[in-house]
Amino acid sequence: MDIQLQEVEYRYAAGTPFERLAIQDVSFAIPAGAFLAVVGHTGSGKSTIIQHLNALLQPTKGQVVIGDRVIAAGKKEKNLKSVRKKVGTVFQFPEHQLFEETVEKDICYGPVNFGVPEAEAKERARRLIGQVGLPEEVLQKSPFDLSGGQMRRVAIAGVLAMEPEVLVLDEPTAGLDPRGRKEIMEMFYTLHRERGLSTILVTHSMEDAALYADEMIIMHQGKVCKQGKPRELFSHPEELAAFGLSVPEVVRFQQSFEALSGITLEKTCLTIEELAEELARAKERGGAK
Amino acid sequence: MMEKMIFGRYLPLQSVVHRLDPRAKLLFIFGFVIVVFLANNALSYGLLAVFTLVFIYLSKINVRFLLAGLKPVIWLIAFTFLLHIFLTREGDLLFEAGFLKVYEGGVRQGAFISLRFLLLIFVTSLLTLTTSPISITDGLESLLKPFKKLKLPVHELALMMSISLRFIPTLMDETDKIMKAQMARGADFSSGPIKERVKAVIPLLIPLFVSAFKRAEELAVAMEARGYKGGEGRTKYRLLHWQGRDTAALIILVVLAALLWWTRS
């Protein structure tokens, strides 16, 4: 399912003394099956954008096209459930949304709301609990007896159980330990590839953006100021610095290596493996000379 | 949805009313609430209305914003107005239809009561709009001090109040976040039959309570870690200064009360 934002502007508390312009003139498209990373400094409007993707907020100007629905400014929208069914959103600290007596019931909450029969929802819960890396016994426990990391996984399973076509992730790994971060990101990436889910990842982690995204958007003070492939964007660190952002550690290492050795590698490397390969090739070339 | 609410909100502006000592404002508004009941005829109500308008003008708060904030109570006002119209049997009969009888006294009484409501709401919302929650707490603590002799735990009350005031916006934000998270999972808070809507609130209330408990625990631990042992022997960081204009505000209130006493019939 394609999503398009067309010159979207959003003002919080419009028409009161508390009015605040959060985003303006934001346009971009997310083709079906793409992995898009949205990065930017705190308060740059990333989370506001996310809430437009499933019509939790309606633009104050411009319009958002979600599949065959057009959410335009100033129009009263009815039956937004059909939009939200297709766009699953994992909010920041999703563990705060758990409320049921058992993990199983909580995972089923979303699907049942969207009209999935209970037996089918339970079946999905059983399947997903393994996928998010928890044992099946957890299903009968109270979500409030779990650890923070486990609660996060249950909450994510609750969103995945809706079987959305588009997955929106707002810093899904914030506050997790390094292993948990990696596991969860890998899980999202596998889902993205295997089921062809469109994925939108909002993150502070340049490493995650570099590792997983096909396309990257840089937000600054409510505007989109750069869009491109991670490799292109990360090869101009000085531009990123202007927006208060840095490059992944691998890129930083490559840069200091190039500055110190005088050897320029053929491409900007985004992973340690890539970098190792490039370095080996540079060594060979050096040896051949 | 909650963006339009003005109760309990603070608008940081620069005005005479903003600069008044919170104690003066609290006393003033407490006095005003009593004084409002002195008015009982057109002249005294007019006096009160003019006075309130001047007060609003001095506070530099946008009138349109104040009026927008009235929306939640407008029904209450309309309801009392209608009650008075239909139930007060005084003065000349104006209108009769079946068992409905509208008397001149009822209309007048209804109008006065609604006006009284309006004035009370305006003036009391001005208190929170022009005074930061922290100053209100400081003011209350200082005003309640005499009651310490009556074993009233003044410090504890003030502490609880300042913590609750501090967390109102935080909890509001959190409510909003959880609401949106559940809406993204297909919850529907704004349509359907009453029974369904009440049920829909559970996924909102439980996470909110759970996080409030957690927050309370974390806050208590953090306070203890920073050496908080209760009110005994604490010094104050923010000090209140009573100035000439504060005395003036109270004198104006007394003058108003005298005028009302004189004009009432």
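**Close-up views of a predicted model**

**View 1. I107(A) and F234(A) touch the most other members of the largest nonpolar core, which has 51 residues.** Helix α5 of chain A (residues 148-160) gives this core its largest share, seven residues. Apart from this core lies another one, of 36 residues, and its members include L20(B), F65(B), I77(B) and V123(B). As background for this view, nonpolar side chains in soluble globular proteins tend to be buried together. Please keep in mind that the model shown here, and in the views below, is predicted.

**View 2. Here are the contacts of F234(A).** Leaving aside residues up to four places away in sequence, F234(A) touches M206(A), A210(A), M216(A), L240(A), S246(A), V247(A), P248(A), V251(A), Q255(A), T268(A) and L270(A).

**View 3. Helices α5 (residues 71-87) and α6 (residues 104-130) of chain B cross at roughly 155°, and their axes come within 7 Å.** Angles over 145 degrees count as roughly antiparallel, and α5(B) and α6(B) are therefore roughly antiparallel to each other. The crossing of α5(B) past α6(B) is right-handed. On the α5(B) side, the contact is made by V73(B), L76(B), I77(B), T80(B), F81(B), H84(B) and I85(B); on the α6(B) side, the residues include G106(B), V107(B), F117(B), L118(B) and I121(B). Sorted by class, this contact has 11 nonpolar residues, six polar ones and no charged ones.

**View 4. G115(A) sits in the loop between α3 (103-113) and α4 (118-131) of chain A.** With a relative accessible area of 59%, G115(A) is exposed. K85(A) is 30 residues from G115(A) in sequence, and their C-alpha atoms are 9.9 Å apart in space.

Notes: Residues numbered from 1 in each chain as written. Chains lettered and ligands numbered in written order. Predicted model: local features only at pLDDT ≥ 70, side-chain atom pairs only at ≥ 80, totals over all residues. Heavy atoms only, no water. Helix = DSSP H or I, 4+ residues; strand = E, 2+ residues; numbered from the N terminus. Buried < 20%, exposed > 50% of the residue type's maximum accessible area, 1.4 Å probe, protein only. Core = buried A, V, L, I, M, F, W, Y, C linked by side-chain atoms within 4.5 Å. Contact = heavy atoms within 4.5 Å. Axes fitted to C-alpha atoms, helices over the stretch in contact; angles between N-to-C directions. Parallel < 35°, antiparallel > 145°, perpendicular 65-115°, else oblique. Left-handed = near helix turned anticlockwise from the far one by under 90°. Nonpolar A, V, L, I, M, F, W, Y, C, P; charged D, E, K, R; others polar.
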